[in-house]
Amino acid sequence: MFRARPEVRPATVEVLVEGTPVLVPEGATAAAAVLLAGLPAIRETPVTGSPRLPLCQMGVCFDCLAEIDGIPNRQACMVTVVPGMRIARQHGAREALR
Amino acid sequence: MSDFDLAVIGAGPAGMAAAVEARLQGLIVLVVDENAAPGGQVFRAAEACAPDPAVGPDIMPGLPLIAAFRGCGADYRAATTLWHLDPEEGVLSLAAAGTTETVTARRVLLATGAQERPVPIPGWTLPGVMGAGAAQILLKTAGAVPVGPTVLAGQGPLVWLLAVQLARAGVAPLVLETRTVSIAAALAKAGGGLVAGRGLLAKGLSLMAEARRRGVRVIRGVRGLRAEGANRVERVAWEGGSAPCDTLLLHEGVIPSTHVSRAIGLDHAWDADQACWRPVADDFGATSSARVAVAGDGAGIGGWQAAAAAGRLAALDAARRLGALSEDSFAREIAAPLAARRAALALRPFLDALYAPPNAVLTPPDETIACRCEEVTAGAIRRAAALGATGPNQLKAYLRCGMGPCQGRVCAPTVAALIAEVRGLAPQEVPPLRPRAPYKPVTVGMLAASAESLQQSAP
Ligand SMILES: Cc1cc2nc3c(=O)[nH]c(=O)nc-3n(C[C@H](O)[C@@H](O)[C@H](O)COP(=O)(O)OP(=O)(O)OC[C@H]3O[C@@H](n4cnc5c(N)ncnc54)[C@H](O)[C@@H]3O)c2cc1C
Ligand code: FES
C-alpha cells in the first residue's frame, strides 16, 4: 500500500479506479493511482492467475498493463492522470498487440 | 530534406544537454521523451517535486539544465514514444496521445538512459515487491510513500539515496545490504579515482551518515533473500533472519537500456566491470551506424554528470558532421565537456568494484521466476539450456521467455547468464536477444488515426 503526502503534494485530481473515485496528486500516473487506491492487484497472470502489481514504474516490465478509459493493454505507469480518467483491471489476456 | 538536423530520444541529462548544445551550434533539433516532463530518471518530475523536502535537495542541481533545455528552442515533444527507427533512412516513428507520426532526421542521438538491473529472488512476483527505483518514481511524481513496514534490499548508491529520501518523508526503511565485496578490495581497484572523485565520495558518505541519523536500520552481508506471503509480500527472509514486510524494494544497480540500440542492430560490447552490455561507441558517442549516436547511461553507466557531458560531446560531433562546426572550433569546444566527463567518471571503478552484483542475482536459484511475463523459472531455463538452447533466441522456442509483453527487457540478462552458466560460456559468448519493432505496443486504432489524418492533410 502507498499513501500520498497531502502536506507536500495535495491530491486534487479525481480518477475512477475500478469504478471507485480516488483523489491523487497532479502528475501521478495511473499506476500510482492503483497503488494509492489500495487495489490488491492490477492484473492476474495468464499462466497461473497469480496477482501482480507494478514492478518498475518506468515502462520496462509491462506488469502494469491496464484498461484506461476503455482502451486495454496500456502501460499504466506511463499514463499521467487527468480528471475523470477510468482505470480498470484488465480482463482476459494482456497480449500486447504488435 | 530532413525535418530535423538532430533527433534526440530522451530528455534526461544526456538528451537535454545535447539539445542545448546542438541549438547553440544552430542545428534544428527534435527531442522526444515518453515522460510528461523533462528530467529523465534522476530529475524526473523535477519542476513539480523540487518543493518536496524529501527529494528537493537531490533534485535542485537539475533545475538549471531543465530551464536551459526549456528555453533552447528545440522542438520538445513530451509524452511521446519512439516505437520504430530506420537508421539507414533516418526515419523515426513516434507515438503520442493515441496517434502516430513519422519524422526524418539527419542525425539521431539515443539518450535513452538506464533501467534497474533485474533482481530475481524467490517471491519477487508477489504484489508489494517492486524496484527501489519504482518507489523513488512514486515519490518524485506523486509524493507517495509506502505504508507499513518497508524493507529496502540490495546495494548501490541509489539504496542509500532512497533510504534517506524515504526517511525524510517519515518512513525510514530497514536496509538489508547485499554487498559481497569488501571496501579494501574495491579500494584496490579504485586507482587514482578516489582523489579526483573525492567530491562524489564525500557526498555518498554524508548520505550514509544522514541515513543513520534519520533512524534507518541497516543489516549488512545479507544473503539468500526471499519474499514470502500468500497473495502479497508479508515477510522478507534471508539466511539467518527475517522481518515483517509490507513493501519490499529491490535494487542491485542500474544497467543501460539497450532495447532500441539492440533492435536497430548497433554493435554492442560486454562490459565486465559493470556486468552488462553497452553499445560500442567512440568518445563522442558515434556508433556502428553512420547516422546514430548514443550518450548517457544508455551507453554505459556513469551517472548524470557524465551523461550531461556526453550529451554535449555528441551534439558537438553532430554539428561537426553536419558541417555546422569547423574542425578547429570542434577541437576547442570539446575540451571542457571531455574534462567534465573525466571528472564525473573518476569514482566509477571504485563504485563498480564495490557494488558488483553477486552471482545469486545474475543466476538465481532454480525455484525463482526469471521471466515474469511467461512465469518461467530459472530451473526451467537451466534445463532448456542443458537440452541444447544455445541462446535467448532459441530459448524463446522452448519456453516463450522474451515473447511476453516486456519483450525480454526484464528477463534477458538473467536468461543469458543462466545459459552461460549451464553451457560453461563467458557472458559475452551467449548471443543476445534481438528485440523487434514496435518497441512499445502500437494499436491498430493509433495507426488508423494517423492514416486518417494523413488522408485529410493530403491535397
Ligand atoms: C529508476 C532509476 C532511478 C534513478 N534515480 C537516480 C537518482 O535519483 N539519482 C541519480 O544520480 N541517478 C539516478 N539514476 C541513474 C540515472 O541513470 C542517471 O544517471 C541519469 O538519469 C542518466 O541520465 P540519461 O540522460 O543518460 O538517462 P535518463 O535520465 O534515464 O533519461 C532517458 C530518457 O529517455 C526516455 N526514453 C527512453 N526510451 C524512450 C523511447 N523509446 N521513446 C521516448 N523516450 C524514451 C526516458 O523516458 C527517459 O526520460 C536512476 C536510474 C534509474 C533507472
Ligand atoms: S510498472 Fe513496469 S511497465 Fe509499468
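User: Happy to dig in! Of the 32 residues around ligand 1, which come nearest?

Analyst: Good place to start; keep in mind that this is a predicted model. The shell around ligand 1 holds 13 nonpolar, 14 polar and five charged residues. Out of the 32 residues in that shell, the nearest are Ala14(B), Asp33(B), Gln41(B), Gln136(B) and Asp297(B).

User: Which chains surround ligand 1, and why is the site called shared?

Analyst: The nearest residues, such as Ala14(B) and Gln136(B), carry the letter of chain B. The surroundings as a whole also take in residues of another chain, so the site is shared between chains. The chains that surround ligand 1 are A and B.

User: How many Å separate a polar side-chain atom of Asp297(B) from an oxygen atom of ligand 1?

Analyst: Let's take the polar contacts of ligand 1 one by one. A polar backbone atom of Pro13(B) is 3.2 Å from an oxygen atom of the ligand. In the side chain of Gln136(B), an N or O atom is 2.8 Å from a ligand oxygen. For Asp297(B), the distance from a polar side-chain atom to an oxygen atom of ligand 1 is 2.5 Å.

User: And what share of ligand 1 does the protein bury?

Analyst: Gln136(B) has a side-chain N or O atom 2.8 Å from an oxygen of the ligand. Taken alone, ligand 1 exposes 970 Å², and the share of this that the protein buries is 91%.

User: Which elements give two or more residues to the shell around ligand 1?

Analyst: They are helices and strands of chain B. The strands are E4 (80-86) and E7 (114-116). The helices are H1 (13-24), H5, H6 (157-168) and H11 (304-321).

User: Now the open sheet of chain B: which strands stand at its edges?

Analyst: Five strands with parallel pairing make up this sheet, in the order E8-E16-E10-E11-E12 of chain B. An edge strand has a single partner, so one side of it is left without a neighbour in the sheet. In chain B that describes E8 (129-131) and E12 (217-219).

User: What angle does the direction of helix H5 make with that of E8(B)?

Analyst: E8(B) is joined to E16 (residues 247-252) of chain B by three bridges, and Gly131(B) stands opposite Leu250(B) there. Helix H5 (residues 132-142) of chain B packs on the sheet, touching E8, E10 (150-155) and E16. Its direction makes an angle with that of E8(B) of about 80°.

User: Over in chain A, by how many degrees are neighbouring strands of the open sheet turned against each other on average?

Analyst: This sheet has five strands in the order E3-E2-E8-E6-E7 of chain A, and its pairing is mixed. For instance, E2(A) and E8(A) pair in the parallel sense over two bridges, whereas E6(A) and E8(A) run antiparallel.

User: Which residue takes a positive phi in the hairpin of E2(A) and E3(A)?

Analyst: Six bridges join E2 (residues 11-17) to E3 in chain A, and these strands run antiparallel. One of the pairs is Leu16(A) with its bridge partner Pro21(A). The hairpin has two residues between the strands, and a positive phi near 50° belongs to Glu18(A).

Notes
Residues numbered from 1 in each chain as written. Chains lettered and ligands numbered in written order. Predicted model: local features only at pLDDT ≥ 70, side-chain atom pairs only at ≥ 80, totals over all residues. Heavy atoms only, no water. Pairing = 2+ DSSP bridges. Helix = DSSP H or I, 4+ residues; strand = E, 2+ residues; numbered from the N terminus. Contact = heavy atoms within 4.5 Å. Axes fitted to C-alpha atoms, helices over the stretch in contact; angles between N-to-C directions. Near = heavy atom within 4 Å. Polar contact = N/O pair within 3.5 Å; in protein donor to acceptor, adjacent residues only side chain to side chain. Areas by Shrake-Rupley, 256 points an atom, 1.4 Å probe, with all protein chains shown as cover. Nonpolar A, V, L, I, M, F, W, Y, C, P; charged D, E, K, R; others polar.
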